[in-house]
2 protein chains.
Amino acid sequence: MPTNSAYTELADRFARMAHFGDALAIIDWDTQTMMPDGAADYRAAQTATLRAFHHQLLTDPAIRSLLDAAEGETLDDWQRANLNEMRRDWVHASAIPGRLVEAHSRAASACEQIWREARPAADFAKVKPALAELLRLTREVAAIKSQVLGVSPYDALLDQFEPGARAADIDLLFDDLAAFLPGFLAEVTRRQPAPVVPPKGPFPIERQRALGVKMMEAMGFDFRFGRLDTSRHPFSSGAPDDARITTRYDEADFMRSLMGVLHETGHAFYELDLPKEWRGQPVGRARSTGMHESQSLIMEMQACRSKGFMAHLAPLAAEAFGRTGEPGWDGATLWAANMRVQPSFIRVDADEVTYPAHIILRYRLEKALFGGALEVDELPAAWNKGMKELLGIVPPDDRLGCLQDIHWYGGGFGYFPGYTLGAVTAAQFFDAARRAIPSLESAIARGDFAPLRGWLATHVHGVGSRYSSAEIVEHATGRTLDAEIFKSHLRKRYLS
Amino acid sequence: MPTNSAYTELADRFARMAHFGDALAIIDWDTQTMMPDGAADYRAAQTATLRAFHHQLLTDPAIRSLLDAAEGETLDDWQRANLNEMRRDWVHASAIPGRLVEAHSRAASACEQIWREARPAADFAKVKPALAELLRLTREVAAIKSQVLGVSPYDALLDQFEPGARAADIDLLFDDLAAFLPGFLAEVTRRQPAPVVPPKGPFPIERQRALGVKMMEAMGFDFRFGRLDTSRHPFSSGAPDDARITTRYDEADFMRSLMGVLHETGHAFYELDLPKEWRGQPVGRARSTGMHESQSLIMEMQACRSKGFMAHLAPLAAEAFGRTGEPGWDGATLWAANMRVQPSFIRVDADEVTYPAHIILRYRLEKALFGGALEVDELPAAWNKGMKELLGIVPPDDRLGCLQDIHWYGGGFGYFPGYTLGAVTAAQFFDAARRAIPSLESAIARGDFAPLRGWLATHVHGVGSRYSSAEIVEHATGRTLDAEIFKSHLRKRYLS
């Protein structure tokens with residue numbers, strides 16, 4: 001590769017954009033974990049300026065001709081994949097005229113602001129006009145991207161989070177699950193034993209944090225390359241060699257925060273184990289939102305919420321809280337408390353079985369919003385109808401219904417499917433890893449995550465965005481993604 | 001002011017540059033307080049990219065013509081001062097050709113790296129070639145800026161930190177002090193009583209931190225607009241509405257960290273009380289390094305190391321460490337322990353009386369390095385000769401001599417005088433504030449810093465960079481800066 005090639009120039013520019021993007025990630029992390037409240041207004045102005053510069057770098061007129069010139073250059077497979085990812089970035093950034101980007105961003109901020117008051121008041125009418133305006137602008141964005149990408153408007157939004165994913169494929173998967181879940185849920189709730197009483201708190205926050213750190217270290221998280229902090233909403237972020245995860249603590253319930261920490265650790269492993277030689281290049285990034293979620297869920301749902309790991313965890317948790325020897329601090333009790341299935345209104349509180357129903361509901365509604373079959377006016381009724389169908393319950397008000405999630409009110413349409421794509425993918429990965437490594441589950445039951453992390457590093461983390469999500473799944477598991485293994489996993493865990 | 005004026009365009013560009021610079025400040029703060037060690041290499045690359053972009057914004061060819069066009073526009077006094085500061089920024093950034101900026105920056109990094117090994121080994125020879133190369137490049141920079149600014153090469157360096165300051169003026173001040181200090185020091189050390197034994201530790205870090213926070217709050221620091229953290233080297237940083245200070249803790253000595261916290265709080269007040277309507281503009285920034293140091297030293301040296309404040313502090317400190325009622329926890333003991341004067345080799349450990357001698361030594365040496373009267377070869381001998389003259393002691397090796405400070409080895413020439421300019425200015429400000437507010441010292445002795453902070457907000461903080469340092473001092477105190485009041489302060493504190 002001559003150093004004056006168009007590809008080389010692009011690689012150089014994208015490396016600098018990555019520095020920029022990573023700086024923004026650290027600043028956003030700071031906003032959510034460290035920044036004093038009084039600095040919020042200035043911080044908003046500061047990040048808006050940085051984002052605008054970042055956007056300018058990508059939409060610089062030279063990029064288009066460099067992309068075109070690089071197409072004709074001799075590239076190896078990784079470079080070719082990198083070039084494709086560069087073009088993807090560029091298409092999504094440059095397709096939308098500046099005035100629409102700005103109008104959309106302003107409408108999203110305004111709507112989110114109003115939603116913060118409308119949600120606690122269960123007052124959908126209050127946010128309706130702002131949501132309608134935001135939807136109108138998002139439809140404009142979707143229409144333009146639909147033209148450019150040659151896909152439907154909803155698929156164009158989806159593509160921002162799940163490159164290459166199409167609603168037609170997701171429909172197959174989600175319809176299969178939607179057909180399965182109500183009957184399965186009925187059987188699980190009918191057969192599950194009376195609730196067990198888990199150990200009672202209070203569980204001091206400092207001890208919860210110490211237990212979280214200890215379990216992260218046991219999983220192989222190296223604190224020379226990351227941090228654990230506290231924030232209102234748990235998240236995973238950072239930069240290369242710098243994986244930062246957060247949690248929040250509830251003194252009455254240590255398990256929720258701990259499982260959150262293990263979940264975010266799965267995200268962190270993905271980022272830490274991306275291909276180092278492609279650092280800063282689009283092909284070196286994590287593949288998609290759904291692929292990322294598969295990595296958190298494989299750790300949390302497949303590995304850590306297993307019977308074997310719960311038995312391993314119980315004495316360590318008892319020790320961490322100075323409760324060794326007290327009743328209830330055994331694997332069977334922790335496991336049983338964890339495995340409780342119960343339809344409920346709030347997605348983020350949902351259990352493993354009911355969670356996909358929440359996602360399918362949102363996916364269907366947002367698809368309808370962009371397919372012309374649904375308007376904002378009809379959203380609360382459509383929400384409640386879907387809840388009745390999928391979960392058999394109807395929220396008493398919109399706070400527990402269509403007002404609960406920030407996503408749409410901040411302009412995030414097309415993001416939801418990734419949660420359940422992640423859950424289904426995690427099950428399929430775990431199954432493949434178990435077949436490849438017969439001792440996988442016994443290692444996890446000893447707290448040894450090295451075999452699982454190693455398998456994921458080889459088959460998922462280390463390939464970055466070299467392949468599509470569908471290809472990564474097929475290469476790693478020997479089959480295309482479907483819901484069979486996920487359903488088997490649920491049957492085995494909840495009915496056997 | 002028409003919105004399409006050159007001035008308005010400049011104000012807009014400088015506001016965006018400030019967003020950029022403030023983001024860099026937060027990232028640097030993160031590097032020193034939060035970043036996991038393993039991320040250091042990537043962080044260095046990331047910040048280099050951001051700094052390069054920031055520099056590009058300022059050296060954009062459009063800036064020169066905008067500055068020229070704005071000169072002819074109708075501006076009020078603040079706008080005119082702002083335009084002057086914009087030009088200052090631009091001159092310093094654009095005077096040096098890119099290849100020299102880069103060579104100098106590389107040489108500074110390389111030299112600093114070697115210095116980190118040479119210092120503990122007391123091995124000046126090891127770092128000598130790198131320092132000679134760095135000096136050569138810094139002389140090139142100084143020569144170019146000397147041409148552009150029409151001042152001597154050393155004054156051109158000084159101007160980076162102390163806008164408008166000239167060595168000829170500093171000579172008068174420092175020669176006066178240099179003539180005063182040896183005799184004064186001899187008298188103080190002859191007359192001071194036997195050392196008192198301050199309360200013994202260990203002082204748990206968490207309690208030290210809690211005491212620091214409590215004293216900051218008592219001084220009026222509002223934690224909605226700032227933070228206190230831990231770092232290897234204490235510093236003050238942040239962004240608008242976001243003053244971040246750090247300290248380090250020694251379990252054997254709570255007073256050092258506490259006085260450091262109060263010192264940095266003085267820096268924080270300056271930043272927090274800058275004129276809000278000029279936020280993001282060059283005229284809205286703190287005036288200079290020396291002016292900033294005057295604000296930390298007026299809090300630490302003038303206010304907090306006073307007999308009155310020590311008497312106020314003693315019971316609060318005793319309570320913080322659960323030592324109430326034990327001997328030694330009284331104002332007189334804390335005061336006496338604090339007031340110990342003793343010539344020593346290391347600047348950062350020096351007391352109030354000997355500190356200026358350390359600075360005068362460095363100032364004279366760096367002036368000689370840029371005036372052609374000194375070469376790197378001769379530095380250790382010249383250092384030791386100066387120590388003998390000014391403090392009567394000769395360091396046994398270069399670790400305790402010319403290798404002790406990072407400044408020169410990182411390319412920072414012209415920075416040192418600010419420390420003692422700050423100390424002298426602080427004394428003159430405090431004297432003026434005391435004359436304006438007769439109850440000032442009794443308020444401080446009750447832990448009430450509002451009158452002092454209010455006076456500083458009016459006369460120093462709120463004027464930003466509207467005037468030169470010399471003008472700010474003269475407006476605030478009714479006289480030009482000289483060493484008389486500082487000398488009186490020392491005489492009163494150490495000999496009365």
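Guide: Welcome! Helices (H or I, at least four residues) and strands (E, at least two) are DSSP runs, numbered from the N terminus. This is a predicted model, in which local features need pLDDT of at least 70 and side-chain atom pairs count only at pLDDT 80 or more, while totals for chains, interfaces and linings use all residues. Residues are numbered from 1 along each chain as its sequence is written, chains are lettered from A and ligands numbered from 1 in the order in which they are written, and side-chain values use heavy atoms, leaving out hydrogens and water.

Visitor: Let me begin with backbone angles. Where is B:A122 placed, and what is its phi?

Guide: Most residues other than glycine have a negative phi, and most peptide bonds are trans. B:A122 lies in the loop between helix 5 (98-118) and helix 6 (124-149) of chain B. Its phi is near 50 degrees, a positive value in a residue other than glycine.

Visitor: And the peptide bonds: is the one from B:G201 to B:P202 cis or trans?

Guide: That bond is cis, with omega near 5 degrees. B:P202 sits in the loop between helix 8 (167-191) and helix 9 (205-219) of chain B. In chain A, a cis peptide bond joins A:G201 and A:P202, with omega about 5 degrees. A:P202 belongs to the loop between helix 8 (167-191) and helix 9 (205-219) of chain A.

Visitor: Now the sheets. What is the strand order in chain B?

Guide: Two strands pair if DSSP finds at least two bridges between them. In chain B, three strands make an open sheet with the order 1-3-2 and mixed pairing. Strand 1 (226-230) and strand 2 (236-239) of chain B are its edge strands, each pairing on one side only. From one strand to the next, the twist averages 20 degrees.

Visitor: In which sense do strand 1 and strand 3 of chain B pair?

Guide: Strand 1 and strand 3 (residues 242-247) of chain B are parallel, over five bridges. Look for B:T230, which stands opposite B:T247 in strand 3. Strand 2 and strand 3 of chain B run antiparallel and are joined by four bridges. There, B:G238 has B:A243 in strand 3 as its bridge partner. Strand 2 and strand 3 of chain B also form a hairpin with two residues between them, and B:D241 in the turn has a positive phi of about 60 degrees.

Visitor: Why do strand 1 and strand 2 of chain A each have one side without a neighbour in the sheet?

Guide: Chain A has an open sheet of three strands, in the order 1-3-2, with mixed pairing. Strand 1 (226-230) and strand 2 (236-239) of chain A are at the edges and each has a single partner strand, so one side of each lacks a neighbour in the sheet. Strand 2 runs antiparallel to strand 3 (residues 242-247) of chain A, joined by four bridges, and A:G238 is the bridge partner of A:A243 in strand 3. Helix 10 (residues 254-272) of chain A packs on this sheet, touching strand 1, strand 2 and strand 3. Its direction makes about 160 degrees with that of strand 3 of chain A. Here axes are lines fitted to C-alpha atoms, for helices over the stretch in contact, with angles from 0 to 180 degrees between N-to-C directions; contact means heavy atoms within 4.5 Å.

Visitor: On to the interface. How many residues does each chain bring to the contact, and what area is buried?

Guide: The size of an interface is often given as the accessible area lost when the parts come together. Chain B and chain A bring 35 residues each to the contact. The buried area (accessible area, 1.4 Å probe, lost by two parts on being put together, summed over both) is about 2,900 Å², and carbon and sulfur atoms give 65% of it. B:H19, B:P36 and B:Y42 supply 23% of the area that chain B buries against chain A, more than any other three residues.

Visitor: How many salt bridges cross between chain B and chain A?

Guide: Side chains of opposite charge can pair when their charged atoms come close. The rule (a side-chain nitrogen of Lys or Arg within 4 Å of a carboxyl oxygen of Asp or Glu) finds four across this interface. B:R244 forms a salt bridge with A:D30, with the closest N and O atoms 2.8 Å apart. Helix 1 (6-33), helix 2 (40-59), strand 1 and strand 3 of chain B each supply at least two residues of the side that touches chain A. Helix 1 of chain B gives the largest share of that side, 10 residues.

Visitor: Which parts of chain A do A:R13 and A:D60 link?

Guide: Their side chains meet in a salt bridge (3.6 Å, N to O). A:R13 is in helix 1 (residues 6-33) of chain A, and A:D60 is in the loop between helix 2 (40-59) and helix 3 (61-71) of chain A, so defined by DSSP runs. The two residues are 47 residues apart, and the pair links distant parts of the chain.
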